[in-house]
Amino acid sequence: MAWQLVRHAFTIVFGNLEQAIRASAVPFLIMVVITVVLGFGASASFDPMDDDILTAGDVGAGALTGLAMSIASLLLFGWVAVTWHRFILKEEYPGIIPAISGRPIASYIGKSILIGLLIILALIPIMLIVLPVLTSLLSFNVVVVTIWSFVLGLVASYLWLRLAIILPGVAVGESMNLMAGWGITKPLNGTILGVAAIIGVINGIMTLIAMSFADVPVLGFLVNVAVQWLTVMVGVSILTTLYGHLVEGRDLPT
């Protein structure tokens, strides 16, 4: 069942490719422009002739750039996600520029942040308990780091899918308690764990593909944008499918 859900998410995206592009092209284009502008500004503020020493100003500029990028990413993610949820659940076709007015984008972003904070809090005990054990038993090498990263990613993805099922409801105007998703998703607990594992493997493969183009600046950047686009669209489609089945009673894909 887990594989059917993931496959269905890809089918939703590529079976409605025109609408997927309409829902995301302008927000992603804005993100690309912001990334290029902020990246250029950050690199211009660092003087490589100054003994390669980072000053407090350099660190501050880097922190502000990172904060600005994070805020922009959240805003644009909420814009795309709300648009895509509403298309799948309400057949509300996006325009060339997805609608913003009258859309619960701020609420969607706010609840996404709260869910993210809950997941971080849940991961802290795991890191505090497991990390010292790994440090004492194994030397940190590529294999250990890879396995550890996959496990953390698996747990984070699993928790996200269990909790964030409320977000499609927010997108269509249905108010839901922050923790309601945990109870709603209980019947598909094992399936969701399987989905998280499959997504983790797919994301790992796509990351390796993006990294293989890292030495070619422009092409590498475009490949990275494409990977991020696919990750967002498939992830939002999985949440929408789970919401449609568990909340609206729609049939699961077979």
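**Close-up 1. W84, F87 and Y93 gather into one aromatic cluster.** This is a predicted model, so local features are held to a pLDDT of at least 70 and side-chain atom pairs to 80 or more, while totals for chains, interfaces and linings use all residues. Residue numbers run from 1 along each chain as its sequence is written, and side-chain values use heavy atoms, leaving out hydrogens and water. Searching the whole structure turns up four aromatic pairs. One of them joins F87 and Y93 edge-to-face, at 5.1 Å centre to centre with 80 degrees between the planes. (Rings of Phe, Tyr and Trp, the last by its six-membered ring, pair if their centres lie within 6.5 Å; planes under 30 degrees apart are stacked, over 60 edge-to-face, and the rest tilted.) F87 is buried at 7% relative accessibility, whereas Y93 is exposed at 56% relative accessible area. (Buried is under 20% relative accessible area, exposed over 50%, partly exposed in between, using a 1.4 Å probe and protein chains only.)

Close-up 2. (Helices, H or I with at least four residues, and strands, E with at least two, are DSSP runs numbered from the N terminus.) Y158 counts as buried, with 15% relative accessibility; W182 is partly exposed at 35%.

**Close-up 3. R162 puts its charged end over the ring of W182.** The distance to the ring centre is 3.8 Å. (A charge sits over a ring when NZ of Lys or CZ of Arg is within 6 Å of the ring centre and within 35 degrees of the ring normal.)

**Close-up 4. A nonpolar patch lies on the surface.** Its members are L74, I113, L114, L117, I120, L121, I124, L128 and I129, with about 840 Å² of accessible area together. (Patch residues have over 30% relative accessible area and no salt bridge; like charges are joined within 9 Å, and nonpolar side chains, meaning Val, Leu, Ile, Met, Phe, Trp and Tyr, within 5 Å. A salt bridge is a side-chain nitrogen of Lys or Arg within 4 Å of a carboxyl oxygen of Asp or Glu. Areas are Shrake-Rupley values with a 1.4 Å probe; for residues, only the protein chains shown count as cover.) Helix α4 (residues 105–137) supplies the largest share, eight residues. I120, in helix α4, is partly exposed at 49% relative accessibility.
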